[in-house]
Amino acid sequence: MSALITCHANADADSLSAMLAARRFYDSPTLLFPGTQEANIARVYEKLDKKLYNFADPQNIDWNAYDTLVIVDTRQKGRLKHVRPLLEKEGVRTEIWDHHPPAPDDIPASMLFDFRTGAVTSALCLALKEKKAKLTPEEAALLGLGIYGDTGSFTYSSTSVDDYLAAAWLLEQGMDVNAINEMASRELDSAQIHALNSLLESAQTYTFNNIKVVIAEAAIDHYLGDFAYLAHKLMEMEKFPVLFALGLMGDRIQIVARSRVDAINVGEICKELGGGGHAYAASAAPRSMMAAEARDLILRRLAEQQKPEETARDYMSSPAIGVETDATMREADEIMLHFGLKAAPVFKKGTRECAGLLDAQTAARAVAHGLSEEKVDEY
């Protein structure tokens with residue numbers, strides 16, 4: 001079985017790391033890197049030993065040489081145009097390792113490994129740990145880069161316990177956090193600094209259910225790579241709960257969204273803009289849409305996502321099941337046992353006026369100690 005491993009177009013740290021981790025599960029696979037707009041990831045990729053990791057030349061791929069396509073960090077057809085010949089080839093087995101929620105254009109998979117980790121690399125690392133795999137310190141650092149990147153160094157709300165466990169295992173394998181810091185480091189050039197200033201100056205705050213949402217725009221004369229990093233930098237500097245950063249680059253728009261709160265799912269909004277991502281981190285590059293239209297759609301969807309704050313009424317049962325003050329502890333215990341209650345209100349005799357609260361554990365203990373005929377009022 002000849003396998004080709006790839007990730008989504010415009011790769012990020014997590015997708016590159018996940019490709020390197022996935023190669024450990026297949027016999028002599030070929031890796032196809034689709035390119036990236038992130039300068040530091042491009043730098044990391046250029047320094048890799050292409051022969052050691054068996055990276056293919058995108059211009060010279062023999063699609064007929066593969067009967068298995070392994071995809072990491074996505075399952076959306078629109079983000080996999082670089083492997084369309086293999087997706088359209090009959091008889092090809094498709095295996096997917098992903099941590100994104102389902103989308104309308106998901107491709108069918110022969111086997112789907114679906115996770116809810118902050119970084120898909122984390123899930124692959126734990127699978128490697130289960131396999132008792134041994135990594136070199138260089139490999140461990142390269143995989144760690146993906147985990148640190150997609151969890152914001154463990155600061156994003158999407159970070160899970162498994163992300164920490166995977167990082168701990170990588171440390172055991174020799175991961176050097178200083179090497180990760182060096183790979184992840186980025187220096188802003190003058191154009192990026194200008195764009196960051198534009199985002200700061202244009203930032204407008206809207207409030208939805210007491211949650212502040214910031215929408216910022218930067219008009220740029222030409223295409224600017226690493227725009228996602230500028231959004232991340234802005235969130236880091238200003239501590240916004242939710243941010244939508246719009247990059248107006250000539251005739252195209254790039255949108256990067258970040259959320260630190262559960263109540264606002266930026267992935268759902270970016271999906272409507274032609275993109276996708278997580279509830280906490282997403283992006284889109286809408287076609288045939290002006291900036292004002294994109295902003296209006298974002299605001300409409302934000303308003304639709306907000307539901308009134310939940311109250312006790314949403315969870316209570318009615319009418320309330322309880323006992324009166326002159327009921328015995330045995331009667332109270334039987335009622336709570338019958339209805340599966342952990343506690344019950346105690347009403348004044350002949351009324352629905354609450355006199356107190358009796359918990360099930362107290363009633364059960366009273367019965368067990370031979371006090372079943374004692375009145376509830378005593379307790």
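A search of the whole structure, which is a predicted model, finds two cavities of 30 Å³ or more. The search runs on a 1 Å grid over the protein atoms alone, where a cavity is a set of points at which a 1.4 Å probe fits but cannot get out, and a lining residue has an atom within 4 Å of a point. Grid points are joined across faces, edges and corners, and a volume is the space filled by probe spheres set on the points. Rolling a probe the size of a water molecule over the atoms shows where empty space is left.

Residues are numbered from 1 along each chain as its sequence is written, and side-chain values use heavy atoms, with hydrogens and water left out. Because the model is predicted, local features need pLDDT of at least 70 and side-chain atom pairs count only at pLDDT 80 or more, while totals for chains, interfaces and linings use all residues.

The largest cavity holds about 80 Å³ of space, and its lining is made by Y156, S157, H232, M235, R258, S259, R260 and Y280. Two or more of these residues come from each of α10 (227-238) and β9 (252-259); helices (H or I, at least four residues) and strands (E, at least two) are DSSP runs, numbered from the N terminus. Sorted by class, this lining has three nonpolar, three polar and two charged residues, where Ala, Val, Leu, Ile, Met, Phe, Trp, Tyr, Cys and Pro count as nonpolar, Asp, Glu, Lys and Arg as charged, and the others, Gly among them, as polar.

The second largest cavity contains about 60 Å³ of space. Q76, H100, P101, P102, A103, G267, K271, G275, G276 and G277 line the second largest cavity, and the elements giving two or more residues to that lining are α11 (266-272) and β10 (276-277). Its classes are three nonpolar, six polar and one charged.

**The second largest pocket**

A pocket, in contrast to a cavity, is an open set of points with protein on both sides within 12 Å along at least five of seven lines. The second largest pocket has a volume of about 310 Å³ and a lining of 13 residues, with V44, K47, L142, A179 and M183 lying nearest its centre. At least two lining residues are supplied by each of α2 (39-47), α6 (137-150) and α8 (177-184), and α6 gives the most, with four residues. The lining of this pocket comprises seven nonpolar, no polar and six charged residues.

**Helix packing**

| Pair | Angle | Axis separation |
|---|---|---|
| α6 and α7 (161-172) | about 160° | 10 Å |
| α5 (120-130) and α7 | about 55° | 9 Å |
| α6 and α8 | roughly 60° | within 9 Å |

Angles under 35 degrees count as roughly parallel, over 145 as roughly antiparallel, 65 to 115 as roughly perpendicular and the rest as oblique. The helices α6 and α7 are therefore roughly antiparallel to each other, and α6 passes α7 in a left-handed crossing, a crossing being left-handed if the near helix is turned anticlockwise from the far one by less than a right angle, and right-handed if clockwise. Here A140, L143, G144 and I147 of α6 meet D163, A166, A167 and L170 of α7, contact meaning heavy atoms within 4.5 Å, and these residues divide into six nonpolar, one polar and one charged.

The pair α5 and α7 is oblique, and α5 likewise passes α7 in a left-handed crossing. On the α5 side the contact is made by S122, C125, L126, L128 and K129, and on the α7 side by D162, D163, L165, A166, W169 and L170, giving seven nonpolar, one polar and three charged residues.

For α6 and α8, whose axes cross at roughly 60°, the arrangement is again oblique, whereas the crossing of α6 over α8 is right-handed. In α6, residues A141, L142, G144, L145 and Y148 meet V177, A179, I180, M183 and A184 in α8, and this contact has nine nonpolar, one polar and no charged residues.

How values were computed: Axes fitted to C-alpha atoms, helices over the stretch in contact; angles between N-to-C directions.
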